[in-house]
Amino acid sequence: METVSENRSFGGVQGVYSHQSHSCRCEMTFGLFLPDESRFGPVPVLWYLSGLTCTHENAMVKAGAQQWAAEQGIALVFPDTSPRGEDVADDPGYDLGKGAGFYVNATQEPWAKHYQMWDYVTEDLPSMLQEEFPLDMSRQSIMGHSMGGHGALTMAMALPGRYRSVSALAPICNPTGAEWGKKQLRAYLGTDESAWAGHDASVMMREKGFDGPVLIDTGTDDQFIDMLRPETLANAAAARRQDIQFRLQKGYDHSYFFVSSFMEDHVAFHAEALYAD
């Protein structure tokens, strides 16, 4: 692991680091905010998964999360959204390839060699973080925005006991039934749609649910709301009688102005679960 940068932030340190990823078979970069409490012992961990076109940097500099994480004594992890490098497959579209890993393990060519983002976020990066930083990996929660909201929800439901809480801002709720999803799942996972179900938050909510608190925020003026399909997740949660806070925020769009407006709520929501012992 190499240190790219470290900056003092709200009493803690916002770092950027690079490492060779075993799962993605390339160099990956991530951001990590450590609150001041980490100087004295391991601290709880909140994962933030970003959306289409983003890198590790977007949320790190735009979401305003460090202030609230410092207040709660929580570490923030900002992974990248895809593998990177000259030999990594890409696509001319913004919604496939680099910046659009969709948090799945690709099985199809040319993506399978590097696009193993599920394993990267759930196995590869956590293992390295535990070795290198004072983090309490027995206390983890996860959140995300847009494509990252999709990733956070599916990982939380697929890995019971891993995350104490999950939240999402404008998540892609039903990728098997929307333009944002069908294209990527077909490219990465193939044409057998039965392989897609484990990467659809609405399907998983109906079938599995989540044994913990869930918070969802979506703006009523989100320009992509028809592709996000929030109603499918709300209906699935209602059918399952899942304990969930589902909020439509009047007048808000899909941008980081929306994300930063509700970041304090989300960090406080996760802090309650992370310190619930």
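Reader: How many bridges pair strand 6 and strand 7, and in which sense, parallel or antiparallel?

Author: Strand 6 and strand 7 (residues 166–169) pair in the parallel sense, over 4 bridges. A quick note on ground rules: this is a predicted model, where local features need pLDDT of at least 70 and side-chain atom pairs count only at pLDDT 80 or more, while totals for chains, interfaces and linings use all residues. Residues are numbered from 1 along each chain as its sequence is written, and side-chain values use heavy atoms, with hydrogens and water left out. Strands (E, at least two residues) and helices (H or I, at least four) are DSSP runs numbered from the N terminus, and two strands pair if DSSP finds at least two bridges between them.

Strand 6 is largely enclosed by the rest of the structure, because 10 of its 11 residues are buried (under 20% relative accessible area, with exposed over 50% and partly exposed in between, using a 1.4 Å probe and protein chains only).

Now strand 4 (residues 43–49), where 7 of 7 residues are buried. Strand 4 runs parallel to strand 6 (residues 135–145), joined by 6 bridges. L46 stands opposite S141 there, and Y48 has M143 as its bridge partner. Strand 4 is also joined to strand 5 (residues 75–78), again parallel, by 3 bridges, with V45 opposite A75.

Y48 and M143 turn up again around M263. Leaving aside neighbours within four places in sequence, M263 is in contact (heavy atoms within 4.5 Å) with Y48, A63, G64, A65, W68, M143 and L169. Two of those, A65 and W68, are among the buried residues of helix 2 (residues 65–72). The buried residues of helix 2 pack against several elements, including strand 5 and helix 10 (263–274).

Of its 88 residues, W47, L129, Y188 and M263 touch the most other members. Helix 3 (residues 117–132) gives the most to this core, with 7 residues.

Technical notes. Core = buried A, V, L, I, M, F, W, Y, C linked by side-chain atoms within 4.5 Å.
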